Amino acid sequence: MLYTGLQEMTLEERMVITDLAKCDFTEIFNYQTGKKEERKNRTKEEKLKLKEENAKLVEEFGFCIMDHHRERIGNFKIEPPGLFRGRGDHPKQGMLKKRIVPEDVIINCSKDSKIPVPPSGHKWKEVRHDNTVTWLASWTENVQGTTKYVMLNANSKLKGEKDWEKYEVARKLRNHVEKIRRTYREDFKSKEMRIRQRAVSLYFIDKLALRAGNEKEEGETADTVGCCSLRVEHIKLHPELDGEKHVVEFDFLGKDSIRYYNKVPVEKKVFKNLQLFMENKQEGDDLFDRLTTPMLNKYLQSLMEGLTAKVFRTYNASVTLQEQLQELTDPEDTAPGKILSYNRANRAVAILCNHQRAPPKTFDQSMANLRSKIEAKKEQISLAKKELKEAKKEAKENDSEKLAKVVESKKKAVMRAEEQLLKLEVQATDREENKQIALSTSKLNYLDPRISVAWCKKWDVSLEKIYNKTYRDKFTWAIHMTDTDFVF
């Protein structure tokens with residue numbers, strides 16, 4: 001059913017308002033804009049007061065005791081009611097996310113703990129004592145019917161253990177990946193169509209780091225797909241393109257409605273199989289009509305315990321970072337140069353995983369400001385060199401200790417300014433190359449942090465230049481256990 005917003009009105013309201021498109025929402029818009037400006041123009045005292053109030057809330061509600069340790073809770077505030085936006089062209093955008101009340105919430109705590117008291121006049125939906133899960137509270141949101149959870153903070157002991165386990169499973173894949181690759185290549189010529197389809201999809205998941213893709217109810221979510229749910233219209237086959245043979249052109253919306261567009265030369269057998277899979281099919285038909293994500297993951301489990309399509313993403317992302325760092329890092333480079341090399345290695349992973357972003361709204365202005373700083377620094381260097389030349393000339397004509405010190409001081413000024421210029425130029429290059437690439441997603445979720453920690457320790461690069469405080473908190477386990485000789 002098409003959602004128009006009228007469903008939220010009473011019968012009496014619908015009699016008065018029959019078409020929301022004819023309503024003038026200017027007053028609401030102006031009110032919200034005013035509130036936004038108020039927040040922006042808060043005084044220092046108001047900001048400090050708000051900070052103190054938030055700190056009190058965190059102290060009261062932001063911690064729990066787990067296994068006799070005081071652990072920080074990640075998200076203890078429930079999202080207020082509002083309009084659902086969704087990612088991309090979501091069919092449910094504009095729907096009302098209703099207020100969550102205590103009667104919607106399940107509390108999960110130990111039997112001997114002090115059960116949180118609900119607000120006056122309310123009671124919890126349920127209080128349970130399940131020590132097999134990691135969430136502390138849960139509820140179901142009304143728009144998509146998904147379950148939301150209150151979890152521990154990213155730097156908690158439990159989260160750290162989960163992280164370590166995830167990367168250890170990906171490292172374990174190293175010992176199996178060549179055999180898996182040989183197997184799926186042999187399966188390209190299987191007599192069974194489902195086995196051929198499984199082999200080709202696995203080839204894409206491995207080679208292109210595609211997500212497997214979840215099955216969805218039609219019309220319930222945006223039309224996003226993964227490898228197993230690709231349809232005929234999502235690929236084009238080119239026997240030859242731009243001097244390359246057997247090229248597959250992908251064009252589909254992936255997770256969060258981010259477009260995946262890529263032209264990839266593939267093995268001849270893969271190309272022939274895709275031609276076979278597309279025979280007598282038209283737009284809307286599944287490319288892999290004999291395959292589902294659960295079927296693929298069940299098969300992967302038989303190849304290695306804990307293996308899923310996501311493990312391939314983690315494995316290939318981490319291997320790519322490690323190889324790129326080895327290739328790009330110049331031992332003779334300056335610290336800014338090494339950081340640029342790290343970001344370029346990280347960028348190679350983000351491109352592999354299709355982690356894109358829209359260029360920031362302030363990008364052009366911030367780049368213009370940076371270029372102005374570079375020009376100003378060049379002028380400063382030119383002036384400093386001129387002063388150095390004059391000081392040298394004066395020192396040559398009048399040999400004195402005082403003038404020698406002036407020359408030395410001027411030399412240092414030139415060197416310092418040149419170092420600052422190099423830093424600014426590296427920053428400009430980095431920012432330009434990062435314009436439409438999101439580095440944080442892979443850094444946070446797919447790259448074994450031990451690779452980055454080992455690299456920083458090996459090349460004496462400050463970890464703060466690679467990981468901000470949030471990342472350092474999340475990866476405390478990796479920082480403490482990693483030496484310079486770590487290999488993924």
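## A pocket, a hairpin and an annotated tyrosine

In strand E2, Arg72 is the bridge partner of Phe63. The model is predicted: local features need pLDDT of at least 70, side-chain atom pairs count only at pLDDT 80 or more, and totals for chains, interfaces and linings use all residues. Residues are numbered from 1 along each chain as its sequence is written, and side-chain values use heavy atoms, without hydrogens and water.

E1 and E2 (residues 69-72) run antiparallel and are joined by 4 bridges. Strands pair if DSSP finds at least two bridges between them. Strands (E, at least two residues) and helices (H or I, at least four) are DSSP runs, numbered from the N terminus. The hairpin of E1 and E2 has 2 residues between the strands, and Asp67 takes a positive phi near 50° there.

E1 also gives the most to the lining of the largest pocket, with 4 residues.

| Lining class | Residues |
|---|---|
| Nonpolar | 30 residues |
| Polar | 8 residues |

Nonpolar covers Ala, Val, Leu, Ile, Met, Phe, Trp, Tyr, Cys and Pro; charged covers Asp, Glu, Lys and Arg; the others, Gly among them, are polar.

Tyr446 lies in the loop between helix H13 (440-445) and helix H14 (449-459).
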